[in-house]
Amino acid sequence: NHSDRSRKGNKSGYGEGRFNSKITEEEVLDARRRVKAGESYLSIAKSMRLPKAIIYAAATYRRWKHLP
């Protein structure tokens, strides 16, 4: 399956390449920076128009673990 996906040029199975990804790598890094600066998850989620759960999972490394 992996070699077939690569041969056909399909996206990878994690991160931004995942078919159902709702957030980009740049947005993940921005959310993490803003949380470290003291901004609330809800505030970040509203500004990005995303569910709070997505921001929380990205900022706490529950998802997007491959990013710094």
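I count helices as DSSP runs of H or I with at least four residues, and strands as runs of E with at least two, numbered from the N terminus. On that basis the chain reads α-α-α-α along the sequence, with four helices and zero strands.

Notes on the source. This is a predicted model, so I keep in mind that local features need pLDDT of at least 70 and side-chain atom pairs count only at pLDDT 80 or more, while totals for chains, interfaces and linings use all residues. Residues are numbered from 1 along each chain as its sequence is written, and side-chain values use heavy atoms, with hydrogens and water left out.

**Entry 1: the whole chain**

I looked up burial, where buried means under 20% relative accessible area, exposed means over 50% and partly exposed is in between (1.4 Å probe, protein chains only). Buried residues come to 25% of the 68 in the chain. The chain exposes about 5100 Å² (Shrake-Rupley method, 1.4 Å probe), and carbon and sulfur atoms supply 50% of that area. For contacts I take heavy atoms within 4.5 Å. Of the contacts with a separation of 6 or more, 46% join residues 24 or more positions apart.

**Entry 2: salt bridges**

Side chains of opposite charge can pair when their charged atoms come close. My cut-off for a salt bridge is a side-chain nitrogen of Lys or Arg within 4 Å of a carboxyl oxygen of Asp or Glu. How many salt bridges does the whole structure hold? The search finds three.

I started at Asp30, which is partly exposed at 23% relative accessibility. Asp30 pairs with Arg33 at 2.4 Å, N to O. Both sit in helix H2 (residues 25–36), three residues apart, about one turn of the helix. Arg33 is exposed, at 52%.

Asp30 also pairs with Arg34, at 3.4 Å, N to O. These two are four residues apart in H2, again about one turn. Arg34 is buried at 14%. Arg34 has a salt bridge to Glu39 as well, with the closest N and O atoms 2.8 Å apart. Glu39 is partly exposed, at 27%. I can therefore sketch Asp30, Arg33, Arg34 and Glu39 as one linked network of salt bridges, with buried Arg34 in it.

**Entry 3: Arg32**

**Entry 4: H2 against H4**

H2 packs on helix H4 (residues 52–59) at an angle of about 80°, with the axes 9 Å apart. The axes are lines fitted to C-alpha atoms over the stretch in contact, and angles run from 0 to 180 degrees between N-to-C directions. That makes H2 roughly perpendicular to H4 (the label covers 65 to 115 degrees). H2 brings Val28, Ala31, Arg32 and Val35 to the contact, and H4 brings Ile55, Ala58 and Ala59.

Technical notes:
Parallel < 35°, antiparallel > 145°, perpendicular 65-115°, else oblique.
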